[in-house]
Amino acid sequence: LFSKILLAYDGSKAANKALDRAIELAKVTPGSSLHVVHAFEFPRFFIGEALAPLPASVNKDYYDLAVQTTEDVKKRLDSEGLNAVVELLQGSPAEMILGYAKQHAVDLIVIGSRGLGGIREFVLGSVSHNVVQSAKIPVLVVK
Ligand code: ATP
Ligand code: MG
Ligand code: MG
């Protein structure tokens, strides 16, 4: 079975379904470990040709939201009695997820099909698409 499971989490409906599945898998696999990765990026916007950062107060809101997202997962995992690692990483989500999986010799990635944004008709969002496309290990996409 899978012994090191990475859950990619963004707080979305699909990510919460993925969380349920990751918890089930971790529970039926004694000795397994669950690693939850939430990535965040400070948004930037174009002024003419140049990419500019947003005001610090707006950035703080983004950061606080990211921290809150990880706190929500931690609470859920605690209530399940699961000992998991929850990581908040700064950077592009797909890169952070794939990089973490490589560094920590993860053997399964669990991810939601869709996330918080995006175009409804697409089956996959850009993060799940990139992860499925580039991962060298099995990916469980939860709808
Ligand atoms: P898009 O982001 O391309 O506009 P979307 O938001 O609908 O579309 P994705 O972002 O690809 O879709 O989300 C699919 C899944 O990827 C989520 O359910 C979650 O598991 C994972 N994911 C998305 N964003 C992050 C993130 N910032 N950190 C960790 N995992 C993420
Ligand atoms: Mg998204
Ligand atoms: Mg996105």
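Let's start at ligand 1, which has 22 residues around it; the closest are Gly 112, Gly 115, Gly 118, Gly 125 and Ser 126. Keep in mind that this is a predicted model. Sorted by class, that shell has eleven nonpolar, nine polar and two charged residues. Four elements, α1, β2, β6 and α4 (126-134), each give at least two residues to the shell.

Helix α1 has 16 residues, and from first C-alpha to last it reaches 23 Å, close to the 22 Å expected at 1.5 Å a residue. Which residues of α1 are buried? They are Ala 14, Ala 15, Ala 18, Leu 19, Ala 22 and Ala 26.

What covers the buried residues of α1? The cover includes these elements:

| Element | Residues |
|---|---|
| β1 | residues 4-8 |
| β2 | residues 33-40 |
| α2 | residues 56-79 |
| β6 | residues 108-112 |
| β7 | residues 139-142 |

Most residues other than glycine have a negative phi. Ala 105 isn't a glycine, yet its phi is positive, about 50°. Where is Ala 105 found? It is in the loop between α3 (93-103) and β6. Ala 105 counts as exposed because it has 9 other C-beta atoms within 10 Å, and the cut-off for exposed is 12 or fewer.

Technical notes
Residues numbered from 1 in each chain as written. Chains lettered and ligands numbered in written order. Predicted model: local features only at pLDDT ≥ 70, side-chain atom pairs only at ≥ 80, totals over all residues. Expected span 1.5 Å × (residues − 1). Buried ≥ 20, exposed ≤ 12 C-beta atoms within 10 Å, placed from the backbone. Contact = placed C-beta atoms within 7 Å. Near = placed C-beta within 6 Å. Nonpolar A, V, L, I, M, F, W, Y, C, P; charged D, E, K, R; others polar.
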